[in-house]
There are 2 protein chains.
Amino acid sequence: MRFPDIVVVGSGRVAEALCRELPVVQVFARNPERGHELAALAGCRWESDPRKLAPAGLYLLAVSDRAIGEVSASLDFGGGLAVHTSGSCDLNDLAPNVARRGVFYPLQTFSEGRSVDLGGVPVLIEAEHEADLAVLEHVASALRGRALRSDALLRRKVHVAAVFVCNFVNGLYTAGEEWMRDNELDFSLLKPLIAETTQKMLASPSPRHVQTGPAARGDRPTIEAHRALLENRPDLLRIYNLMTEYIIENQINGKF
Amino acid sequence: MRFPDIVVVGSGRVAEALCRELPVVQVFARNPERGHELAALAGCRWESDPRKLAPAGLYLLAVSDRAIGEVSASLDFGGGLAVHTSGSCDLNDLAPNVARRGVFYPLQTFSEGRSVDLGGVPVLIEAEHEADLAVLEHVASALRGRALRSDALLRRKVHVAAVFVCNFVNGLYTAGEEWMRDNELDFSLLKPLIAETTQKMLASPSPRHVQTGPAARGDRPTIEAHRALLENRPDLLRIYNLMTEYIIENQINGKF
């Protein structure tokens with residue numbers, strides 16, 4: 001199978017990652033500054049005029065969820081395959097006039113200006129035609145990712161898990177930072193602990209096997225002392241209570 | 001200053017880490033199996049008879065919080081410095097008959113059978129005598145850690161932060177694993193995302209700068225779709241709601 005010519009539509013974080021990793025013939029985006037930036041990363045041209053959208057085998061629409069419908073309706077992909085890259089949206093969120101539609105959702109967190117290794121990253125793919133799935137598998141391989149066929153429900157379920165282990169984990173890092181700052185302590189003191197916590201879990205068969213702390217050992221006096229300290233931060237206290245309860249409940253159920 | 005002869009008391013995870021990293025002249029522990037194991041790691045002898053406790057300059061009591069009082073009361077440290085290694089306990093939790101008392105709390109998570117790099121790890125130290133603080137600073141350096149003088153209140157505050165960024169983060173990994181298993185999905189799909197989430201935060205000036213996800217962008221339709229999916233797991237739904245609320249609140253306050 002011939003590798004498709006690829007146009008990236010959008011200039012956000014996912015678009016940037018795709019431009020860093022894939023051979024791209026055109027970056028199509030409204031924002032000139034980011035458009036130029038991404039085109040430079042990909043070594044191609046930036047375009048914002050819909051009439052000058054390059055003919056391509058694959059259009060990767062890395063735009064915000066709410067823009068998928070409008071952007072896909074406004075562009076003429078000809079006979080090309082057009083896919084969105086969202087974990088939350090349906091294939092049908094692409095405009096119905098698009099001839100070949102699909103989804104290409106890399107299960108990773110992306111940032112501006114940061115190169116991310118996509119080796120081993122699952123890419124959840126969906127398409128209306130079998131041949132298009134093969135194209136998407138091919139492109140996932142070029143990213144060194146693992147293509148997995150997935151419908152919208154499965155994608156959304158995986159997205160829920162991602163919210164817990166990525167977005168909420170970062171929320172806890174923020175909670176830790178706030179607490180340290182409240183107490184005039186340097187957040188960076190926690191960084192070796194944070195690094196080891198995640199590395200250890202990744203090396204273990206299950207996070208259950210490496211759960212430690214006052215909740216895991218049912219250490220009530222320490223939990224009470226912590227609650228007293230958190231009195232002035234009811235938002236952090238609520239998180240403390242709920243996560244402690246969750247870990248203890250799991251222990252009672254013999255899951256840890 | 002002469003480096004002190006060190007005896008490790010206890011055979012848990014912290015004791016193991018100390019035996020891996022420090023020159024230890026004796027491992028004193030009740031459990032023969034673990035005692036032998038740790039003594040082998042340290043290249044010294046195991047002992048369990050209080051009358052045969054080796055004379056030493058420093059006794060590192062790496063025992064459970066509730067055992068600190070009893071164990072320290074039952075042993076004759078002579079003129080040696082005896083310190084516990086707990087983030088939750090006071091110096092006064094060591095028996096009053098101990099001549100030189102202190103605390104040596106490494107801010108790290110330890111596991112059986114896993115070697116942990118202690119380079120850069122803060123070690124919160126406390127002692128009744130200035131000269132003993134210097135001894136503990138010396139030992140922290142031998143671990144390549146960063147000694148920080150700290151009283152019980154500060155130690156406990158740092159411990160609270162550690163619970164958020166270590167124990168609760170691992171609790172979220174467990175929540176993610178449970179959710180994946182409920183849906184017959186392989187937890188390991190999330191591992192590249194988990195690794196990148198933490199690496200990215202560690203490389204950024206603040207976790208606020210790298211917060212992503214539906215809550216951070218105020219994406220209500222996705223949040224509602226996730227809540228509907230979580231209906232059958234009220235425990236996970238509670239965590240979802242509270243962490244989402246925390247992230248949104250922080251955004252409203254302009255903190256992210």
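Helix α7 (residues 220-229) of chain A packs against α5(B) at an angle of about 95 degrees, and the two axes lie 10 Å apart. Because angles of 65 to 115 degrees count as roughly perpendicular, α7(A) is described as roughly perpendicular to α5(B). On the α7(A) side, the contact is made by A:Thr222, A:Ala225, A:His226 and A:Leu229. They meet B:Leu153, B:Arg156, B:Lys157, B:His159, B:Val160 and B:Val163 in α5(B). By class, the residues of this contact divide into five nonpolar, three polar and two charged. The model described here is a predicted one.

Helix α5 (residues 152-182) of chain A and helix α6 (residues 191-203) of chain B pack at an angle of about 20 degrees, their axes being 9 Å apart. That angle makes α5(A) roughly parallel to α6(B), and the crossing of the two helices is right-handed. From α5(A), the residues in this contact are A:Ala162, A:Val165, A:Cys166, A:Asn170 and A:Tyr173. Their counterparts in α6(B) are B:Leu193, B:Ile194, B:Thr197, B:Thr198 and B:Met201. This contact of α5(A) with α6(B) has seven nonpolar, three polar and no charged residues.

Helix α6 of chain A, which spans residues 191-203, contains A:Pro192. With its neighbours within four places in sequence left aside, A:Pro192 is in contact with B:Gln108, B:Gly120, B:Val121 and B:Pro122. Another proline, A:Pro221, is 29 residues from A:Pro192 along the chain, and the C-alpha atoms of the two are separated by 26 Å.

How are the two chains related? Chain B is superposed on chain A by a rotation of 180 degrees, with 0.0 Å of shift along the axis and an RMSD of 0.0 Å. The two copies are thus related as by a two-fold rotation axis. B:Val169 is the residue of chain B that comes closest to this axis, with its C-alpha at 2.8 Å. Since 100% of the interface residues of chain B are also interface residues in chain A, the copies meet through the same surface.

Turning to the sheets, chain A has an open sheet of eight strands in the order β3-β2-β1-β4-β5-β6-β7-β8, with mixed pairing. At its edges are β3 (45-47) and β8 (146-149) of chain A, each of which pairs on one side only. From one strand to the next, the twist averages 25 degrees. Strand β2 (residues 26-28) of chain A pairs with β3(A) in the parallel sense over three bridges, and A:Val27 has A:Trp46 in β3(A) as its bridge partner. Helix α1 (residues 13-21) of chain A lies across β1 (6-9), β2, β4 (58-61) and β6 (100-106), running at about 155 degrees to β1(A). Helix α5(A) lies across β6, β7 (122-127) and β8 of chain A, at about 155 degrees to β7(A).

In chain B, eight strands likewise form an open sheet with mixed pairing, in the order β3-β2-β1-β4-β5-β6-β7-β8. Its edge strands, β3 (45-47) and β8 (146-149), each have a single partner strand, so one side of each is left without a neighbour in the sheet. Strands β6 (residues 100-106) and β7 (residues 122-127) of chain B pair in the antiparallel sense over five bridges, and B:Gly102 stands opposite B:Ala127 in β7(B). Helix α5 (residues 152-182) of chain B lies across β6, β7 and β8 of that chain, running at about 155 degrees to β7(B).

Methods:
Residues are numbered from 1 along each chain as its sequence is written. Chains are lettered from A and ligands numbered from 1 in the order in which they are written. This is a predicted model: local features need pLDDT of at least 70, side-chain atom pairs count only at pLDDT 80 or more; totals for chains, interfaces and linings use all residues. Side-chain values use heavy atoms; hydrogens and water are left out. Two strands pair if DSSP finds at least two bridges between them. Helices (H or I, at least four residues) and strands (E, at least two) are DSSP runs, numbered from the N terminus. Contact means heavy atoms within 4.5 Å. Axes are lines fitted to C-alpha atoms, for helices over the stretch in contact, and angles run from 0 to 180 degrees between N-to-C directions. Angles under 35 degrees count as roughly parallel, over 145 as roughly antiparallel, 65 to 115 as roughly perpendicular and the rest as oblique. A crossing is left-handed if the near helix is turned anticlockwise from the far one by less than a right angle, and right-handed if clockwise. Ala, Val, Leu, Ile, Met, Phe, Trp, Tyr, Cys and Pro count as nonpolar, Asp, Glu, Lys and Arg as charged, and the others, Gly among them, as polar. Copies are superposed by least squares on the C-alpha atoms of residues with pLDDT of at least 70 in both.
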